[in-house]
Amino acid sequence: MSPALPLDDAGPYVAAAYLVFLALVVIYVAIMAAKLSRISREINELAELAARRDEQREADREAVPRAPPAR
């Protein structure tokens, strides 16, 4: 059984297949990097919001006068 293409003619097709595969891998990595940076940015925003909320709660706690303990 002979190959669909003679081996000397298949070289450019094999090279093209590798280039397409490499392009797909590079595109995939770029998409994952973009998602990672977006998620990282969102996590930082959430951490800042949580810190501000904690500061506000602490300020509210200090602003409320406390009654002396009952004896």
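Three salt bridges, 3 in total, were counted in the structure. The model is a predicted one. The pairs are glutamate 42 with arginine 38, arginine 53 with aspartate 54, and glutamate 58 with arginine 61.

The fold provides the setting. The protein holds 1 helix and 0 strands. Helix H1 covers residues 7-63. Of the 71 residues, 1% count as buried. The accessible surface comes to about 6,900 Å². Carbon and sulfur atoms account for 66% of that surface.

Side chains of opposite charge can pair when their charged atoms come close. In the pair formed by glutamate 42 and arginine 38, the N to O distance is 3.7 Å. Both residues lie in helix H1. They are 4 residues apart, or about one turn of the helix. Glutamate 42 is partly exposed, at a relative accessible area of 39%. Arginine 38 is also partly exposed, with 36% relative accessibility. Each value falls between the 20% limit for buried and the 50% limit for exposed, so both residues take the intermediate label.

Arginine 53 and aspartate 54 form another bridge through their side chains. Here the N to O distance is 3.6 Å. Arginine 53 has a relative accessibility of 45% and counts as partly exposed. Aspartate 54 is partly exposed as well, at 43%.

The side chains of glutamate 58 and arginine 61 meet at 3.2 Å, N to O. This distance is within the 4 Å cut-off, so the contact qualifies as a salt bridge. Glutamate 58 and arginine 61 are 3 residues apart in helix H1. That spacing separates them by about one helical turn. Glutamate 58 is partly exposed, with a relative accessible area of 37%. Arginine 61 is partly exposed at 47% relative accessibility.

A nonpolar patch was also found on the surface. Its members are Phe21, Val25, Ile27, Tyr28, Val29, Ile31 and Met32. Together they have about 670 Å² of accessible area. Patch members must have over 30% relative accessible area, so none of these residues counts as buried. One of them, valine 29, is found in helix H1.

In summary, the model contains 1 helix.

Technical notes: Residues are numbered from 1 along each chain as its sequence is written. This is a predicted model: local features need pLDDT of at least 70, side-chain atom pairs count only at pLDDT 80 or more; totals for chains, interfaces and linings use all residues. Side-chain values use heavy atoms; hydrogens and water are left out. Patches are made of residues with over 30% relative accessible area and no salt bridge: like charges are joined within 9 Å, nonpolar side chains (Val, Leu, Ile, Met, Phe, Trp, Tyr) within 5 Å. Accessible areas come from the Shrake-Rupley method with a 1.4 Å probe; for residues, only the protein chains shown count as cover. Helices (H or I, at least four residues) and strands (E, at least two) are DSSP runs, numbered from the N terminus. Buried means under 20% relative accessible area, exposed over 50%, partly exposed in between (1.4 Å probe, protein chains only).
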